[in-house]
Amino acid sequence: MFEQEKIQELTSRQQEILSLLRQGFTNPEICKALNISLNTVKVHLTNIYKILEVTNRTEAVFSDDSPENEDQPKKGRKEVSNCKDVNVVFLSNVPEQTKAHSLYLSIIEAIHQYHIFRITDGSEKYTKPSFLIEASTAPNSNDALHISIKIGKSHEILWATNVKTDSDEISVLAQKSAILLFRNMLLASAKLNYTSRSPIPYWWYASAYSYAKLENRSEESFEISKKMLTPLATDSTYNEFAFYTLATSYYIAIFENWGNVQDNVKELGEFARKAMYNAPYSFYSQMIMAMFNISIGNKSEAIAYLKQVIEANPQFVIARTILTQIYMLTGQDKLAMELIDDNMRCIPESALQPTFQAKTFILLLQGKFDECKNFAKQILLFNPKAMAIRLCIIACCNIKGETAESEEHRKQLYTYTPNITKKDVEWMLKGIDEQKKVFLWNCLQNVFTEN
């Protein structure tokens, strides 16, 4: 449906309500302003959402269907935005000289470590704040912090939580909270319908959307990521986070055997070269270098880069998980276990979803075969094409002598990945500890009997 047709379908009353909505009015405030009942407002909002083809008030607020934009070409409005920064505004109603206030300040400092946000405490007035993070003391306690996220000027709460300051040290609580804030801002952005009225820049939306899709580990997500992020990666203006997200999609594609592996490795190498040329001291560039070195079997060099990334930003969950996995593969079990313990202490459980693939492999290397197998089966429920996960299950079945189940998963592996060969797995195991390599090959001895 064309935008002009959508505007014409809105009644004058609906346009009034949409205008008030965009000014940040709540439903009760709209009732008072227009002297109508709350139920009438709700009915109008339902009809507005249907006409604008959106699902909630946030998308309605930032939909690009205002009359002043009616003559602007739809393509231009979709792709062009004056917003370049991700503006995060922190607003606090937390009494000073309390543990909650100390935690609030530590969270702001932790969010700064991502180096992609423009942060203010609210003293600066942005016309389009990307995210509004509000902090207050939880009811009946000055030592518990209530945090919520809103997008732009919308009154809709996207995510909220209470953090008890007596449950851990302030620095760890701040790190956990920052991880959750970062993740929920990403996921909230991915759910939006982007327009030029959006308070977030397109590079952030494209990165967030690709990030969310890549968590599903499907080849379709790789194609989506390439389509959305390649133009940003080849643009004259270098955006390190969008570039990092695109490089990550190639890294995942390499280990999931999507497309031509050699071509993807070559492309990732080019990303690494360009990243170090444009931003050599950025931990996003260092992360790309780590992924490239892993892809060519140079795991010792990858470890050095991953340690630099974690030192620069301890909240980088993926870097922590990959480093744990590489430690296990290279026979550095003591360091791996120390990092696993630290990850459990510093990373909230709800933020571990993107690392499920690595966790499955770590469980296999730890000899926790029943746990590995059960965990892998959970992943296959929503992603049956996951090649590496299927190989982990086959390995566990072989170790446990479960021949029939092993053969069934082997058939499924070739159904979803018909072109997989022994060379593909040999390449994946390149550069790992010889003892671990022999162990893994023994676990997979029946997979390539026909190759």
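Reader: What helix holds Ile340?

Author: This is a predicted model. In it, Ile340 sits in helix α16, which covers residues 333-346.

Reader: Why is Ile340 called buried?

Author: The relative accessible area of Ile340 is 16%. Buried means under 20%, so Ile340 is buried.

Reader: Which residues does Ile340 touch, leaving out those up to four places away in sequence?

Author: Ile340 touches Thr324, Ile362 and Gln366. Contact here means heavy atoms within 4.5 Å. A separate value concerns Gln325, which is 15 residues from Ile340 along the chain; the C-alpha atoms of the two are separated by 9.6 Å.

Reader: What makes His115 worth a remark about its phi?

Author: His115 is not a glycine, but its phi is positive, about 60°. Most residues other than glycine have a negative phi. His115 belongs to the loop between α7 (99-112) and β2 (117-120).

Reader: Is His115 buried or exposed, and how do you know?

Author: The relative accessible area of His115 is 52%. Exposed means over 50%, so His115 is exposed.

Reader: What is the phi of Asn257, and where does the residue lie?

Author: Asn257, a residue other than glycine, has a positive phi near 65°. Asn257 is in the loop between α11 (240-256) and α12 (261-278).

Reader: What makes Asn257 buried?

Author: With a relative accessible area of 15% against a limit of under 20%, Asn257 is therefore buried.

Reader: Why are α9 and α10 called roughly antiparallel?

Author: Helix α9 (residues 202-214) and helix α10 (residues 219-234) pack at about 165°, and their axes are 9 Å apart. Angles over 145 degrees count as roughly antiparallel, so α9 and α10 get that description. Their crossing is left-handed.

Reader: Which residues of α9 and α10 meet, and what classes are they?

Author: On the α9 side the contact includes Tyr202, Trp203 and Tyr205, and on the α10 side it includes Phe222, Met228 and Leu232. By class, the contact of α9 with α10 has 11 nonpolar, 4 polar and 1 charged residues.

Reader: Why are α3 and α4 called roughly perpendicular?

Author: Helix α3 (residues 27-34) packs against helix α4 (residues 38-52) at an angle of about 110°, with axes 9 Å apart. The range for roughly perpendicular is 65 to 115 degrees, so the term applies to α3 and α4. Asn27, Pro28, Ile30 and Cys31 in α3 meet Leu38, Val41, Lys42 and Leu45 in α4. That contact of α3 with α4 has 6 nonpolar, 1 polar and 1 charged residues.

Reader: How many helices and strands does the protein have, and what percentage of its residues is buried?

Author: There are 22 helices and 5 strands. Of the 451 residues in the protein, 54% are buried. The protein exposes about 21,300 Å², and carbon and sulfur atoms supply 50% of that area.

Note on methods:
Residues numbered from 1 in each chain as written. Predicted model: local features only at pLDDT ≥ 70, side-chain atom pairs only at ≥ 80, totals over all residues. Heavy atoms only, no water. Axes fitted to C-alpha atoms, helices over the stretch in contact; angles between N-to-C directions. Helix = DSSP H or I, 4+ residues; strand = E, 2+ residues; numbered from the N terminus. Parallel < 35°, antiparallel > 145°, perpendicular 65-115°, else oblique. Left-handed = near helix turned anticlockwise from the far one by under 90°. Nonpolar A, V, L, I, M, F, W, Y, C, P; charged D, E, K, R; others polar. Buried < 20%, exposed > 50% of the residue type's maximum accessible area, 1.4 Å probe, protein only. Areas by Shrake-Rupley, 256 points an atom, 1.4 Å probe, with all protein chains shown as cover.
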